[in-house]
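Hello,

I am passing the structure on to you.

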Amino acid sequence: MFVRTATASTTAAALLGAGALLLPADRPEAPERQDAPVVVAHRGASGYAPENTLAAVDAADALGIEWVENDVHRTRDGELVVLHDTDLKRTTDVEQVFPDRAPWAVKDFTAAEVAKLDAGSWFGPQFTGARVPTLSQFLHRMERNRQKLLLEIKSPATYPGIERDIIKVLGRSGWLDRSHVRSRLVIQSFGADSVKKVHSLRPDITTGFLGTPAVADLPAYAAFTDQINPSYATIGADYVAAVQRLKGPHGKRLRVNTWTVNKAADAVKARDYGVDGIITNFPDVVRDATS
């Protein structure tokens, strides 16, 4: 039986009530839809814990959120690690630990060096000592929590062959069996060629393209991706409907997961556009606003 950490549970529970205060008192009734959009915790529940850390995974779990989004890079010695930026400055203490290593790019550090960094204290003192997880560690925690993963390949041109590396780690971690591939894993990227590569290596894996392609170009994307995942600021109901009219490589209609929606009012608008999922730093706020 899984017991959540006190820090993640306490943080999420305390802010759950605060998030509820953001909801409009008299929300207009939305048009009927079959299902509420799936809520995806952006870099974990990153409004409540340091992004892309195991604490953020646990905070999402404490809120009852199944889907978690993360970002994957590769170190100098080939380890896959989970963090958003191409450098380590914003979310770790790398400038203090390695002051002479500017510009502190992830690709210039070994896994052992990255493992020394504090990836939590920037967010709050209660997270001091949190580490940048490897992809293997991240997958293990999500498996323990029985969560689902929306994995983003970051800057794929910087890491030639990273798609194959990710698939190897997923396989070693038990994430490429039938149950995971069918309902617990999506791989996405802003790089169309990277998404195509994943699809060619493992056609059974659900893929997503991050961006807002022109409507006229959507059929070309439907040949290799199952999802079009655009910024909330770039979409409306007509665009969502245009995406959903098409079928992807698995013969199912394309899905739309929009990002990054943190306010209840925006979540309601996104729901009313007909999106299939909403990616957010505050998953409890979005869930309560759209359910």
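This is a predicted model: local features need pLDDT of at least 70, side-chain atom pairs count only at pLDDT 80 or more; totals for chains, interfaces and linings use all residues.

Residues are numbered from 1 along each chain as its sequence is written, and side-chain values use heavy atoms, with hydrogens and water left out.

**Strands**

Helices (H or I, at least four residues) and strands (E, at least two) are DSSP runs, numbered from the N terminus. Two strands pair if DSSP finds at least two bridges between them. Buried means under 20% relative accessible area, exposed means over 50%, and partly exposed is in between (1.4 Å probe, protein chains only).

Start with strand 2 (residues 67-74). Eight of its eight residues are buried. One side carries Trp-67, Glu-69, Asp-71 and His-73; the other carries Val-68, Asn-70, Val-72 and Arg-74. In a regular strand the side chains alternate between the two faces of the sheet.

Strand 2 has several partners:
- Strand 1 runs parallel to strand 2, with two bridges. Val-40 pairs with Trp-67 there.
- Strand 4 (residues 148-153) is also parallel to strand 2, over six bridges. Asp-71 faces Glu-152.
- Strand 3 (residues 80-82) is antiparallel to strand 2, over three bridges. Val-72 has Val-82 as its bridge partner.

Strands 2 and 3 make a hairpin with five residues between them. Gly-78 in the turn has a positive phi of about 95 degrees.

Strand 9 (residues 277-280) is covered on both faces. Gly-277 and Ile-279 are buried on one side, Ile-278 and Thr-280 on the other. Strand 9 pairs in parallel with strand 1 (residues 38-41) over four bridges. Ile-278 is the bridge partner of Val-39. Strand 8 (residues 255-258) runs parallel to strand 9, joined by two bridges. Here Asn-257 stands opposite Gly-277.

**Helix 2**

Seven of the nine residues in helix 2 (residues 54-62) are buried. Among them are Asp-58 and Asp-61. Gly-64, just after the helix, has a positive phi of about 80 degrees.

**Salt bridges**

There are 18 salt bridges. The criterion is a side-chain nitrogen of Lys or Arg within 4 Å of a carboxyl oxygen of Asp or Glu.

Lys-148 and Glu-66 form one at 3.6 Å, N to O. Lys-148 is in strand 4 and Glu-66 in the loop between helix 2 and strand 2, so the pair ties together parts 82 residues apart in sequence. Lys-148 is buried at 19% relative accessible area. Glu-66 is partly exposed at 43%.

Arg-184 and Glu-143 form another, with the closest N and O atoms 3.2 Å apart. Arg-184 sits in the loop between helix 7 (178-183) and strand 5 (185-189), and Glu-143 in helix 5 (residues 135-145), 41 residues apart. Arg-184 is buried at 5% relative accessibility. Glu-143 is partly exposed at 25%. Salt bridges with shared partners also join Arg-43, Glu-51, Asp-71, Asp-85 and Arg-90 into one network.

**Positive patch**

Arg-164, Lys-168, Arg-172 and Lys-197 form a positive surface patch. Patch residues have over 30% relative accessible area and no salt bridge, with like charges joined within 9 Å. Helix 6 (residues 162-172) gives the largest share, three residues. Lys-197 lies in helix 8 (residues 192-201). Lys-197 is partly exposed, at 35% relative accessibility.

Best regards

Note on methods
Patches are made of residues with over 30% relative accessible area and no salt bridge: like charges are joined within 9 Å, nonpolar side chains (Val, Leu, Ile, Met, Phe, Trp, Tyr) within 5 Å. Accessible areas come from the Shrake-Rupley method with a 1.4 Å probe; for residues, only the protein chains shown count as cover. Lys and Arg count as positive and Asp and Glu as negative; His and the chain ends are not counted. The place of a charge is taken as NZ of Lys, CZ of Arg, CG of Asp or CD of Glu.
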